[in-house]
Amino acid sequence: MKNVLISGSTKGIGLAIAQELKASGCRVFGCGRSKCEDENYLSIDLSRTENAKALYLAAKAKMGSIDILINNAGVYDYSPIEKTDPDTAQRLINLNLTTPCLLCKYAVEDMKQNMWGRIINIGSISGAVGEANASLYSAAKAGLSGLTKSLALELAQYNITVNQINPGWVDTDLANEALSAEEKNETLEIIPQRRFIQPWEVAKLCRYLISQDAKGLTGQSINLCAGLSCGA
Ligand code: NAD
């Protein structure tokens with residue numbers, strides 16, 4: 001049985017991944033902002049980077065070691081650059097980039113010892129192609145791609161793969177809170193498949209990426225975006 005640590009598992013994409021990997025026979029330790037009585041869950045704020053170690057230690061205490069790390073927790077910020085507040089900027093970069101780096105740092109020790117591991121970073125097509133008025137978010141997600149490629153090279157000899165999924169718009173609270181009904185309709189017009197991705201589609205791709213069949217796939221960013229990243 002493989003042990004999975006997933007950040008942001010209470011709803012949206014993270015919840016779908018947690019459910020899918022549990023159904024596939026994995027033991028899952030999750031976390032998020034909300035409270036929950038599940039013993040394999042920690043309520044924690046990952047925009048505070050010192051909490052990355054606390055999360056790793058809590059997961060390790062429950063499961064023994066980490067085989068699979070899914071860096072999923074993230075927040076979106078839509079504002080022009082001149083409106084960027086420095087504290088908000090720091091928290092966004094911490095949560096979307098620095099904490100994932102630190103969780104890799106800790107989990108990789110276990111994976112190297114076991115000579116097996118899987119890391120999946122949840123990025124965004126905003127980081128792959130850029131998004132006006134979401135520059136900070138896009139910068140953090142593009143940074144995650146650099147982490148993904150570099151770690152893939154660094155860890156290949158240990159049988160550890162590192163990949164990234166870049167969703168386009170996904171039907172979750174994050175998207176539904178960012179867009180008014182009118183903006184959602186406008187957005188649908190520019191998505192080639194005229195639909196939002198469903199969280200389970202990201203979860204199924206994670207299930208494939210952790211499988212033995214995907215052992216040759218590393219350092220890749222997969223745009224799961226209903227065609228949005230291909231251009232008009
Ligand atoms: P969501 O808002 O539905 O869920 C976010 C999860 O992260 C929740 O479990 C929440 O508790 C947790 N979280 C948020 N802030 C946290 C913090 N400070 N500390 C710890 N946990 C925290 O979001 P989602 O749409 O499921 O997004 C998941 C990931 O997918 C994010 O990294 C996001 O950037 C990315 N993504 C989402 C979309 C989209 O359209 N929904 C598109 C591209 C990428």
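Modeller: Helices here are DSSP runs of H or I with at least four residues, and strands are runs of E with at least two, numbered from the N terminus. The model is predicted. In these terms, Ala214 sits in the loop that links helix H8 (199–209) to strand S7 (221–224). Ala214 counts as buried because its relative accessibility is 1%, and the limit for buried is under 20%. Leaving aside residues up to four places away in sequence, Ala214 touches Tyr208 and Leu209.

Now the ligand site. The ligand is surrounded by 29 residues, and the closest are Thr10, Asn72, Tyr137, Val170 and Thr172. By class, this shell is made up of twelve nonpolar, twelve polar and five charged residues. An N or O atom in the side chain of Tyr137 is 2.6 Å from an oxygen atom of the ligand. For Ile13, a backbone N or O atom lies 2.8 Å from a ligand oxygen, and for Gly8, a polar backbone atom is 3.4 Å from one. On its own the ligand has 830 Å² of accessible area, of which the protein covers 94%. Helix H1 (12–23), helix H5 (135–155) and helix H6 (173–178) are the elements that contribute two or more residues to the shell. H6 supplies the largest share, three residues.

Asn72, one of the closest residues to the ligand, belongs to the loop between strand S4 (68–71) and helix H3 (86–114). Asn72 is buried because its relative accessible area is 11%. Its side chain reaches the backbone oxygen of Gly8 at 2.8 Å. Beyond four places in sequence, Asn72 touches Ile6, Ser7, Gly8, Ile13, Gly14 and Ile122.

The cysteines remain. A disulfide requires two cysteine sulfur atoms within 2.5 Å, and the count comes to zero. Cys101 forms none, as the nearest cysteine sulfur, that of Cys104, is 6.7 Å away. Cys101 is partly exposed, with a relative accessible area of 28%. Cys225 is likewise in no disulfide, with the nearest cysteine sulfur, that of Cys230, at 5.9 Å. Cys225 is buried, with a relative accessible area of 5%.

Note on methods. Residues are numbered from 1 along each chain as its sequence is written. This is a predicted model: local features need pLDDT of at least 70, side-chain atom pairs count only at pLDDT 80 or more; totals for chains, interfaces and linings use all residues. Side-chain values use heavy atoms; hydrogens and water are left out. Buried means under 20% relative accessible area, exposed over 50%, partly exposed in between (1.4 Å probe, protein chains only). A polar contact is a pair of N or O atoms within 3.5 Å; within protein, one must be able to donate a hydrogen and the other to accept it, and residues adjacent in sequence count only if both atoms are side-chain atoms. Contact means heavy atoms within 4.5 Å. A residue is near a molecule or strand if one of its heavy atoms lies within 4 Å of it. Accessible areas come from the Shrake-Rupley method with a 1.4 Å probe; for residues, only the protein chains shown count as cover. Ala, Val, Leu, Ile, Met, Phe, Trp, Tyr, Cys and Pro count as nonpolar, Asp, Glu, Lys and Arg as charged, and the others, Gly among them, as polar.
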